[in-house]
Amino acid sequence: MRPTLAVFAVAAVAQWFLPLAGVWQHERVVSRGVPMRIRCLAPDPYDPLRGRYLAVRPEEFRLPRPEGMSDSGRAPVWATLVAGEDGVARIESLSLEPVSGPTVIRLEATGLYRDEGGDTVFVAWPFDRFYLNERLAPDADKLVAERFREGQERPVAEIRVLDGRAVLTDVLVDGVSIRDVVRRRAAETPPPR
Amino acid sequence: MSLLHHRWLAEQLPAWEREGIVTADGARRLREQYAAEPRGGLAQVIVGAVGALLIGTGLIAVLAYNWDDFPRWVRLALALGPLAATQAVSWWVLRKGEAARPWQREAAALVQTLAVGAAMALVSQIYNLPGKWTDLVFWWCVVSVPLAWVLRSNAVAIAYLIGIAVWTVAQSQQANWSRAGDVADVRIWFPLLLAGILPRWPGAELRDRPAPGSRFVLAASTLAGLLAVAACAGVRAEQPNDAFFWLAMLSAAVLLLFPLDRHGATEPLASKPEVVLGGLALVIMALIATYEDPARALVKSVGFALPLAWCWLLLAVVVGFATVAFRQGRFAVLAVAGLAVVPLVAAPLSADDISGWPVAIAYTLVLFATAIVLITLEFLGRQGAARIGAALITILVILRMADADLSLLTKGIAFIVIGSGFLAFNAFVSRHRAATPGESPA
């Protein structure tokens, strides 16, 4: 085989490897993971390569400093989620050591906040965006903003959790997928004259 | 002589040989001396690249639409199908070897590159993967650059250069914003990524030279990347990062002094974008340093930069490149590169609380001296740049006149006199060049 063909073959395999690694890693979590729901905010930004999405920001982003956390406040942490009576999960405990369990997620502590009431750490969740069709995204953004203004219940992120990983599968409003809610509203709204 | 002249010469030589104007041996030596890069059907290449670009970007836009009505497996097939198809086409083109036309190579490489990006983007869209778009750009560049090597694609090489510059600038901004160590270290990554273009230019046989347009992108991408590295090289948590100014000057000097072969050194300035961009960046920074506050900041930046390994690496490269330039007699670029050394000389002489004026005045004088050197070199028959020297003096005088506490009438008259002098000098240089055959350009 000529060297150029060999280099091309290696590059072609690498070009498949990247997307397929993502598919394999996340398909496993989606198909076998434990479903959980997390309350969140979701405004509507834009990614130049991947299109429109709702920026999913879980409400629990600042948590009590776990024991042994350095002053930099930067480290991987393991959060154990527990579903409440309303079906929405909350973080029950945060550990610097890996914890096993069906509802454990690995988060990244990104900084420390010192307070008289006790130190807290900021955490980054392993999902931050929910991609939407560009037709639906502006209406979804409007819907979320309206609900926030009117003090209604915030949207809920539906995730799947497996082996410390989490994949965002949907964003729900009153238990219904935001895609369906926006589509229904669009169908009910008469077209402008 | 520019590449256009080389091509013109190559086109004329067969007729000259036939008419006995040059011997066969003379024509061969001329061809070797003034090698013309093969056109390879430039129009065809451009058409192929534009067609591929339209198809590929259309593909990305169609996929980015987010077909959420389709089940996941259909969307995955939509993402990966084009990748498989374009890889098959590229394989077919590669198998043709030298029989493949340049436009076929360009089109195949570019469409495949865009298909890779589309596949990666769609997979992360389907699974709502986090991460910035610049992370996607990084991996896209890494897995696509081999196509520029094996298919000898200029379009993919240019896209790669733009991609790595964008990624490096984004990392630098993130490092400055977060002032933390969890951002990729661009001091290591940018040189590595830039080295990724070497198998394309100059290639395994050290023969492939980028065309003028590609050369400009290569120089601009290198400058943007080096400036981005300079912007974050001194970032440390909770400490000021004031090393940028001098590191930026050294970076521009590295680009300006980049070694050229004998043929490259004698090309006109328009064919040397690294000299134009590096020199321009350096002169602009030096002009800024002719004001008090920037001058003080520049001298202070030396103190912040010297403890950094990146600074010493840049200094070592500048010294190495300057030595080569000196041996090649490229005194004009050496004179301009000397502007980067002024802060190093001024730093030990300046107390912490000293006014910036001594350095600002020193910079004005050094810039003036640089301009005189550029003019003198040309009139001594060496590589110089008389017009650039004159323009530099004119800009310096205008800046100082603008600062001066003079009446508007005085300033107006002075500007008229300077402008007239500049035009007269321009005409004089034109006459001098016309009267001096074989004048070496800068």
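In strand E12 of chain A, A:Asp170 is the residue that stands opposite A:Glu158, in a predicted model where local features need pLDDT of at least 70, side-chain atom pairs count only at pLDDT 80 or more, and totals for chains, interfaces and linings use all residues. Residues are numbered from 1 along each chain as its sequence is written, while chains are lettered from A and ligands numbered from 1 in the order in which they are written. Helices (H or I, at least four residues) and strands (E, at least two) are DSSP runs, numbered from the N terminus.

**Chain A: overall and its paired strands**

- Chain A holds three helices and 13 strands, and its C-alpha atoms fill a box of roughly 65 × 60 × 30 Å along the principal axes.
- Strand E11 (residues 156-162) and strand E12 (residues 165-173) of chain A run antiparallel and are joined by seven bridges, where two strands are said to pair if DSSP finds at least two bridges between them.
- The hairpin of E11(A) and E12(A) has two residues between its strands, and A:Asp163 there takes a positive phi near 50°.
- E12(A) also pairs in the antiparallel sense with strand E13 (residues 176-177) of chain A, over two bridges, and A:Leu172 has A:Ser177 in E13(A) as its bridge partner.
- Two residues also lie between E12(A) and E13(A) in their hairpin, and A:Asp174 in that turn has a positive phi of about 50°.

**A:Trp78 in chain A**

- A:Trp78 belongs to strand E6 (residues 74-83) of chain A, and it counts as partly exposed because it has 19 C-beta neighbours inside 10 Å; a residue is buried with 20 or more other C-beta atoms within 10 Å of its own, exposed with 12 or fewer, and partly exposed in between, the C-beta atoms being placed from the backbone.
- Leaving aside neighbours within four places in sequence, A:Trp78 is in contact with residues including A:Ser95, A:Val104 and A:Gly164, contact meaning that the two C-beta atoms, placed from the backbone, lie within 7 Å.

**Where chain B meets chain A**

- On chain B, 33 residues are in contact with 31 residues of chain A, and the elements that give two or more residues to this side of chain B are helix H4 (72-96), helix H5 (102-126) and helix H6 (133-150).
- The residues on this side of chain B divide into 24 nonpolar, seven polar and two charged, where Ala, Val, Leu, Ile, Met, Phe, Trp, Tyr, Cys and Pro count as nonpolar, Asp, Glu, Lys and Arg as charged, and the others, Gly among them, as polar.

**Domains 3 and 4 of chain B**

- Chain B is divided into domain 1 (1-36), domain 2 (40-129), domain 3 (131-241) and domain 4 (242-442), with bounds that come from an automatic or database domain assignment.
- In chain B, 17 residues of domain 3 are in contact with 19 residues of domain 4, and H10(B) gives the most to the domain 3 side, with 13 residues.
- B:Leu223 lies in helix H10 (residues 212-233) of chain B and is buried, because 23 other C-beta atoms lie within 10 Å.
- B:Leu223 and B:Leu255 are 32 residues apart in sequence and 6.9 Å apart in space, C-alpha to C-alpha.

**Helix H8 of chain B**

- The buried residues of helix H8 (residues 186-195) of chain B are B:Val186, B:Phe190 and B:Leu193, and they line one face of the helix because, seen down its axis, they fall within an arc of 70°, taken from the directions from the helix axis to the C-beta atoms.
- The face of H8(B) turned away from the buried side carries the exposed residues B:Ile188, B:Leu192 and B:Ala195.
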